[in-house]
Amino acid sequence: MGPLFQTDSVWVFTYRLRRRKHQQEMNMAQPTTSVTNGAHFTVTDMGEFMGLDHFTFAHPAVPFEVEGKVFLKERLGLTSAEISLNKLPPNMSVPFYHRHTHNEEIYIFVKGQGEFQIDDHQFPVREGTVIRVAPAGVRCWRNASEEPLYYIVVQAPAGGYQPVGTISDGTNVPKPVRWKPV
């Protein structure tokens with residue numbers, strides 16, 4: 001297996017210039033997000049998708065920070081999945097192919113238009129497109145528009161879902177529904 005990340009210097013240079021220009025225009029400050037924990041829940045408000053620019057992700061195998069990506073596993077205390085909120089700038093591509101060893105991924109596109117590749121297949125994506133990729137699927141995607149591409153990625157162990165189903169796993173709680181006034 002080759003290195004996790006390969007790219008050409010033109011893409012990295014273009015990405016860095018766009019990012020620097022955008023940061024200067026927005027005069028960005030890091031967002032303040034709060035986390036509330038209860039006995040059976042965790043809540044966080046990440047803000048609007050358009051605010052994802054405030055989040056950056058760094059990985060040792062990637063030679064620059066990725067703007068517009070935030071992982072939720074640690075914030076929410078997830079135990080069986082990873083979820084990330086993502087933004088891909090206009091006319092940009094993820095600069096590498098990747099696959100997983102154990103985890104399948106579900107991509108949920110919430111705004112924008114682009115294209116997705118899995119193995120030798122390429123198809124369009126847009127708001128409402130949902131894609132499941134098996135661990136061995138070689139994948140890459142790009143934003144093919146003048147607007148940002150926003151999407152959510154859910155990563156979970158392939159075959160790890162308990163076959164009791166989401167509806168049959170639930171049980172009724174004999175308690176009337178009441179809401180406090182807002």
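What follows walks through the fold, the cores and the strand pairing of this chain. The model is predicted, so to speak only for itself: local features need pLDDT of at least 70, side-chain atom pairs count only at pLDDT 80 or more, and totals for chains, interfaces and linings use all residues. Residues are numbered from 1 along each chain as its sequence is written, and side-chain values use heavy atoms, with hydrogens and water left out.

Overall, the chain has 3 helices and 12 strands, taken as DSSP runs (helices H or I, at least four residues; strands E, at least two) and numbered from the N terminus. Of its 182 residues, 29% count as buried, where buried is under 20% relative accessible area, exposed is over 50% and partly exposed lies in between (1.4 Å probe, protein chains only). Taking contacts (heavy atoms within 4.5 Å) between residues at least 6 apart in sequence, 64% join residues at least 24 apart.

Now to the inside. A nonpolar core here is a set of buried Ala, Val, Leu, Ile, Met, Phe, Trp, Tyr and Cys residues joined through side-chain atoms within 4.5 Å. The largest one holds 15 residues, and Tyr107, Phe109, Phe116, Ile131, Trp141 and Tyr151 touch the most other members. Two or more residues each come from strands 7 (103-111), 8 (113-118), 10 (130-133), 11 (139-143) and 12 (149-157), and strand 12 gives the most, with 3. Leaving out residues up to four places away in sequence, the contacts of Phe109 include Phe116, Ile131, Leu149 and Tyr151. Apart from this core lies another, of 8 residues, among them Val70, Leu72, Leu85 and Ile152.

Strand 7 has two antiparallel partners to look at, pairing being at least two DSSP bridges between strands. With strand 12 there are 8 bridges, including the one between Asn103 and Pro157. With strand 10 there are 4: Ile108 stands opposite Val130, and Glu105 has Val133 as its bridge partner.

Lys87 sits in strand 6 (residues 82-88) and counts as buried because its relative accessibility is 12%. Beyond four places in sequence, Lys87 touches Leu52, Asp53, Glu67, Gly68, Pro148, Leu149 and Tyr150.
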